[in-house]
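Please read the following report with the chain in view, and find each residue in the display as its name comes up.

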Amino acid sequence: MSKLTYIAGPCAAESEEQVLETARALVATGDIIFRAGVWKPRTRPDTFQGVGDEGLLWLSRVKNELHVPVATEVVTAEQVTKALEAGIDYLWIGARTCANPIAVGAICSAIDDFRSRVTGDGLRGIFIKNPVNADAALWLGNIERLEATGVPVMAVHRGCSHQPYWEMAHQVRIARPDIPMLLDPSHMSGDAERVPSLSRVADELDYDGLMVEVHPRPQEALSDAKQQITPAVFEDIRRAPAQTFTTPLELRWLRKMMDEVDDRLWTDIAQRMAVSKQIGAYKKTQQMAVIQPTRFNEIMTKRLAWAESHGLSKEAVEIILKTLHEESIRMQQ
Ligand code: PEP
Ligand code: MN
């Protein structure tokens with residue numbers, strides 16, 4: 001998968017040794033942008049929050065000694081200034097920050113301010129992850145906010161709550177085919193086992209690159225331990241031969257979107273059956289009949305009315321609902 005841009009490195013800079021060890025191993029695999037978070041916007045306050053400003057010095061060492069561009073995540077204006085003063089080449093805005101347009105606006109102002117003071121500054125680009133909620137419009141809005149700084153902007157699709165939401169990425173792709181889009185299989189899956197197969201989707205859906213979390217000893221990582229891969233696995237991903245596809249790109253996107261809807265649909269059907277089983281157990285304790293025609297007629301009437309306003313045929317809805325109901329009855333009996 002050689003035509004892709006690779007941005008790789010640990011979730012977080014943990015120590016100077018870990019940063020340099022990871023960077024050396026990654027540089028040996030080919031061109032990369034080296035990433036490491038120094039200020040980590042974590043979900044809980046009792047977890048590792050990043051090493052802070054000191055980590056910028058370790059990234060500078062990587063840049064100067066290994067001659068690779070380096071990237072870090074910024075959340076506040078103050079962090080932007082510190083990162084740019086330290087010569088960080090690329091900034092990225094995380095999913096939590098992308099959910100907050102005021103925070104993105106403050107980041108833009110800090111970039112503008114720095115660039116008006118420092119001529120020939122080295123900021124080469126900004127990556128913006130999708131927001132934590134599947135909101136393509138907000139992601140696009142923040143792309144526009146960042147573009148106003150004049151710095152090249154790239155989108156990073158990382159999904160929400162370990163679901164891809166391919167449709168959200170497709171909307172951004174359609175609206176802004178001129179903006180490079182990278183796939184982040186690490187945050188999308190939350191699972192190192194799934195990172196190689198998800199990475200191959202970058203090829204399948206013609207993404208421009210991958211952002212991957214790599215740690216020399218993932219099980220010892222202070223954050224995102226489950227999803228980080230080793231440099232060796234990363235090397236396998238980048239060495240994987242390019243795939244050939246017989247279906248057009250647009251159809252591949254649409255099928256990816258449909259597969260995801262199906263995943264949700266079947267999960268919901270399984271959940272419906274689990275609730276149905278609980279209802280069956282309740283009916284038994286109350287000596288109620290399994291088949292309750294009034295209730296079924298109510299559900300059917302409601303759903304048929306709904307079908308009309310959702311562009312579905314009443315015939316199809318009736319068949320599907322009857323099938324679900326029959327399976328419920330079978331389970332309750
Ligand atoms: C990260 O890349 O380490 C990170 C915090 O990502 P996200 O904002 O996608 O959760
Ligand atoms: Mn992470």
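The text below goes through conventions, an aromatic pair, salt bridges and a charged patch in turn.

This is a predicted model, in which local features need pLDDT of at least 70 and side-chain atom pairs count only at pLDDT 80 or more, while totals for chains, interfaces and linings use all residues. Residues are numbered from 1 along each chain as its sequence is written, chains are lettered from A and ligands numbered from 1 in the order in which they are written, and side-chain values use heavy atoms, with hydrogens and water left out.

**Aromatic rings**

A pair of aromatic rings is described by the distance of the centres and the angle of the planes. Rings of Phe, Tyr and Trp (for Trp, its six-membered ring) count as a pair if their centres lie within 6.5 Å, and such a pair is called stacked if the planes are under 30 degrees apart, edge-to-face if they are over 60, and tilted for the rest. The structure holds three aromatic pairs. In the pair of Y6 and F234 the ring centres are 5.6 Å apart and the planes stand at 85°, so this pair is edge-to-face. Helices (H or I, at least four residues) and strands (E, at least two) are DSSP runs, numbered from the N terminus.

Both Y6 and F234 are buried, where buried means under 20% relative accessible area, exposed means over 50%, and partly exposed lies in between (1.4 Å probe, protein chains only). Helix α10 also contains P231, which is buried with a relative accessible area of 13%. The C-alpha atom of P231 lies 9.3 Å from that of A8, although these two residues are 223 residues apart along the chain.

**Salt bridges**

Side chains of opposite charge can pair when their charged atoms come close. A salt bridge is counted when a side-chain nitrogen of Lys or Arg is within 4 Å of a carboxyl oxygen of Asp or Glu, and by this rule there are 21 salt bridges. The table gives some examples.

| Salt bridge | N to O distance |
|---|---|
| D46 and R44 | 3.5 Å |
| E318 and K322 | 3.4 Å |
| R330 and E327 | 2.7 Å |

D46 is exposed at 60% relative accessibility, and R44 is exposed as well, with 52%. E318 and K322 are four residues apart in helix α13 (residues 314-332), which means that about one helical turn separates them; E318 is partly exposed at 31%, and K322 is partly exposed at 38%. In helix α13, R330 and E327 are three residues apart and are likewise separated by about one helical turn, with R330 exposed at 53% and E327 partly exposed at 28%. Elsewhere, E16, R61 and E65 are linked in a network of salt bridges.

**A positive patch**

Which residues gather in a patch of positive charge on the surface? They are R272, R295, K302 and R303. Patches are made of residues with over 30% relative accessible area and no salt bridge, like charges being joined within 9 Å and nonpolar side chains (Val, Leu, Ile, Met, Phe, Trp, Tyr) within 5 Å. Helix α12 (residues 293-309) supplies the largest share of this patch, three residues. K302 has its place in helix α12, and K302 counts as exposed because its relative accessibility is 61%.

Note on methods: Areas by Shrake-Rupley, 256 points an atom, 1.4 Å probe, with all protein chains shown as cover. Lys, Arg positive; Asp, Glu negative; His and termini not counted. Charge placed at Lys NZ, Arg CZ, Asp CG, Glu CD.
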